[in-house]
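Keep the sequence and the 3D view open as you read.

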Amino acid sequence: MKSVSLPSNQIGQIISKNISDLDTVFVFPTDTVLNSWIDWALTNIEKTGVEAISLEQFIAWDNFKSIYLKAERNNFTAIPSILRKMFAYDIIARNAEKPQNERLRSVINSEDKYAENADSFAGWLCKNLPALDFWNKRLISNKIDYGELDFEDKDYLYIYEEYKKFLHDNNMFEPSWIEDVKLSDKSKKFLLFYPELLEDIQDYKDIFSDCDNITLYTLPKDIPSPLSYEYPDSRKELRHTILRIIDIAQSGKADWSEIALNIPDLETYRPYIEREFSIYEVPYVIKAGSPLTKNCAGRIFREIYNCFSENFTFDSVRTLLLDHCVPWKEEYQSLRENLIREGKNMRCICSPEEKDIWHVAFGSKIARLEIALKNENDNQLKNQLQTEIEYYKNMQNFYGHIKASVESFFDSKANTFENILRAWMSFKTQFLKSDEEFSDESNNILSRCIKELEEIIEIEKKYNACNLKISSPFNFYLELLDEKTYTPQTKKTGVNIFKYKLTAAAYFKYQFVIDASQKNLEVPYKRLTFLNSTKRKKLKLTDDDKILSADESFIKLYAKDTQTCDRNFVHFSSATETFSGFSIPHSALSSVNLSKTDISKIKDLANLDENDYVLEEYDIISSDKERKIKLTEGQKRSFQSWIDAQKDSDTETETAQTASYADIEKCSEKLKQLIKLRHDKDTGLLRVSARGDLEQFFPCPRHWLFKSVLKLREDTLDTNLMQNYDIGNLNHTIMEMFMKKYEKKQLPFFCESDSKFYEIPTVEDSNTINAQPVDCTTEIKNLIYHEITPKAIKAKSDFRDSPLAIITLESQKDSISSVIENFLCKLLLPTPKGIGNCTVKAVEDSFYANKNDFIYYGKIDCVLQSPEKKFVIIDYKNTAASIPTKKSLLPDENGILNDFQMPLYYQLITDDNKNEVEACIFYAIKTGDSRAMESYPTETLDQYAQTFVKKVKTEDLIPLHSGILQDRLNVKPYENCIKCSYNTICRTTFTTGKKDIKKSTGNIDSGDVK
């Protein structure tokens, strides 16, 4: 073996010198490097001196090992990687079956709950099996220094012996354990470039030492540290890198495809790379694969597994059914969406107590509808109920089919890989379209997944006699798919984007490495990585670690100079603040901190910002300066579209524009019908409520249209076990039921001195007029804890259709009841502190007040009559924060009133002075806090109502934004629109922010544009 120092810019010379000798084989670290030098040889005929090359002369390291490095093992075969993984699963399964005192003690925890669920360690164990022979040899050679074996060592020794026995019994060998490997072809001359880049080169140096026909070309030792630009943040680093690439391409120094961009953390940077390259219209090709189970059709196997392992939680079922990477049959389109929507409504988040929450929820819903159908006499309503029942039964049946199909993948009676294949074919036939209707990419990915499965099945059959036990074949298959990557084939050309390390010795005219931090550029080739630092030191591995570290080798190879790229070119850059956190430059780089350097003095950075046409476009739009700029094709198309739209707009007269706008804003016939339903049937007058009308109409009428008339609701497929308002609604229901118990009766009162509730018996109960109060504490507690709260939980509500929500609330009924009890202790204090001894006149009743032009309408929580025969109006809020402030209850200096509820309730009860109201009080159920109205702005309320009625009647529902308060309607975009839930479908934000745009003339042509 010969070892020759070779500067990285002389690889081409070595190839040119030896390529005419057909017995010479060039060995490269990776396929990517190999292909780049094949391309170089084909395009540099004047240097190589040959017009055609033999591809057999070019080979990557892994292929070189399999073809030319042989070991004599008669009747023995190398263990397939899949079978090695099966062994790892088998040893974990057999370990779990043993008594606890005979199990592995350190590698896997011996307790049942860990040992029986240790399949996740199989991948790690499989990766370390090939290294155990080397570990055992080091252990023997350092036996005296190492000392006594601990539990971890004994575990590894047991696994090693078991694996060794398994190989011997089945006539197999582990390639990395073989010592008598020899170079099979002595006639050829092998030139291996930069072995420093190879992780396992140390395993073969002894073999090569006796081979005269192998030459190792290594890096010179005296290469200086390459320069690196240190940016303040990754956004600027990426922008400048793209601008440098553009400058290289536009100046003719290299084609796009002759430039490579290398990124250590490509997964994090990928969306930023795709966006920035697209904005600058730089052609690019990302040459990195993605796992077969991530963001592509192959992920359906992961989704199937998640459904089963999570017992069909809402998230897992939704993810599977809404996966658009595979084409579902059209007949299941509405069924899939409706099933998820109903699952959201019924809050089928997870299944408690081994029950299927979906079947329980649908069964409960259907049973309730069937009871309603049985008790219904109206034929029309009966037909509606029957239709609804059929709808939910279809949903339940569809879910049942999906569940059965998913469970078939995990059939315990046929726990084999063949069963997975059968289950997939059945699932695909039943729910997915034919192969012809799959996209090419989906077809390729799924074909690759099935090919991997078929390979496992072949191994399973071939080595059936090994009797390897795999507790979960599907989990095994899924882990294998996670390890495999898929790189889409493309005919596109452009800047080549790679993960760091792949192209270190490759031929590209220009190489860039971004995000070159200390952490990202470390290449710590280590043996026996599963050992801690103490044991590594005992086995004398720390010296090997220093020898094997390849950080500087990769860095110096990336910084090689080419015929167009001299040694002063800066290939590396880093950023202090990256997309994934903070970082520092690698110590092997000479960093230039651009935050502390005058960029104008750096040749290749000096004019980047000045020539940045995207940045210049931003400056032009945000300022009034006129300047000439160079536009990309994309910018030209965008500006031309804008100019064309302006021309179309300019042809219309102002009158026509106004009329057109008014026509758009006018209510449609359908909208008129909906508004008509808000009128009183008998009088034809418009009903005006506080929460549903005035609160929604002011200051933006369009908000009222969306929320109260059209009743638009956000369409989401997300769900939560409990919504923000559920507990508040439940507390309201409990208070409603409590007050109903005392309707037309006198309420009990709470005595603070002895903390008890008392009630004054009626004449019929006591037979005396001056009856003494009777202790009713026990009765009230029983009423709250054992009657009302349990009944309220199951009463009609948003969560009634969710068995899981009801189970959760029932488990908390004591704490819910406790809140109500504490609230009653404050609410039922004797007047004037509370409402104790008052008579309940109405609970959740609707009230109307005719005002000639309209009718006030409202549903009041509770109306009481005090001992003085005056009325008290109560409105419950769940928390103190929900109670209106004093300021909002009264009009300000401009006559703006922010809360209409109590003033309107006051109008409803007084109704032209028919009744006298003593107090209107807000109460917070959770805390018992209260706030009473100090005065009643009825005149202001009437003005609001009259404006509302007038606007609705004249269909004048355009939001006002003039800046002048008019009819108390003045939308403020950054106050009202920004927090409005309808701002994504409403044009008010844009209309109110409207500015006069300078008119532009002319067309965008291929020249510069002013």
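Start at Ser573, which touches Ser228, Tyr229, Tyr231, Glu237, Thr241, Val513, Ile514, Asp515 and Ala516, leaving out residues up to four places away in sequence. Contact here means heavy atoms within 4.5 Å. Before going on, a word on the source: this is a predicted model, in which local features need pLDDT of at least 70 and side-chain atom pairs count only at pLDDT 80 or more, while totals for chains, interfaces and linings use all residues. Residues are numbered from 1 along each chain as its sequence is written, and side-chain values use heavy atoms, with hydrogens and water left out.

Is Ser573 buried or exposed? Its relative accessibility is 4%, so Ser573 counts as buried; the cut-offs are under 20% relative accessible area for buried, over 50% for exposed and partly exposed in between, with a 1.4 Å probe and protein chains only. Ser573 belongs to strand β17, residues 572-578. Helices (H or I, at least four residues) and strands (E, at least two) are DSSP runs, numbered from the N terminus.

One of the residues touching Ser573 is Tyr229, and Tyr229 has Ser573 in β17 as its bridge partner. Strands β10 and β17 run parallel and are joined by 5 bridges. Strand β10 (residues 227-233) is also joined to β19 (residues 590-593), again in parallel, by 4 bridges. There, Ser228 stands opposite Ser591 in β19.

Now move to another sheet. Which order do its strands follow? This open sheet of 5 strands runs β1-β9-β8-β2-β3, with parallel pairing. The edges are taken by β1 (2-5) and β3 (58-60), each with a single partner strand, so one side of each has no neighbour in the sheet. From one strand to the next, the twist averages 25 degrees.

Phe190 stands opposite Ile214 in β9, and Phe193 stands opposite Tyr217 in β9. Strands β2 and β8 pair in the parallel sense too, over 4 bridges, and Thr24 has Lys189 in β8 as its bridge partner. Of the 5 residues of β8, 4 are buried, so this strand is largely enclosed by the rest of the structure.

Helices pack against this sheet. Helix α1 (residues 11-18) lies across β2 (24-28), β3, β8 and β9, and runs at about 170 degrees to β8. Helix α2 (residues 31-43) touches β2 and β3, and its direction makes about 165 degrees with that of β3. For these angles, axes are lines fitted to C-alpha atoms, for helices over the stretch in contact, and angles run from 0 to 180 degrees between N-to-C directions.

Helices also meet each other. The axes of α5 (residues 81-97) and α20 (residues 440-462) come within 10 Å and cross at roughly 70 degrees. The two helices are therefore roughly perpendicular to each other; that label covers 65 to 115 degrees, with under 35 counted as roughly parallel, over 145 as roughly antiparallel and the rest as oblique. On the α5 side are Ile82, Leu83 and Met86, which meet Glu455, Ile456, Ile459 and Glu460 in α20. By class, this contact has 5 nonpolar, no polar and 2 charged residues. Here Ala, Val, Leu, Ile, Met, Phe, Trp, Tyr, Cys and Pro count as nonpolar, Asp, Glu, Lys and Arg as charged, and the others, Gly among them, as polar.

Another stop is Glu821, found in helix α35 (residues 813-827). Glu821 is buried, with a relative accessible area of 13%. Apart from neighbours within four places in sequence, Glu821 is in contact with Phe757, Lys781, Ile784 and Tyr785. The C-alpha atoms of Glu821 and Tyr785 are separated by 8.9 Å, and the two residues are 36 apart along the chain.

Finally, step back to the whole protein chain. Its secondary structure comes to 38 helices and 28 strands. Buried residues make up 47% of the 1010 residues.

Notes
Two strands pair if DSSP finds at least two bridges between them.
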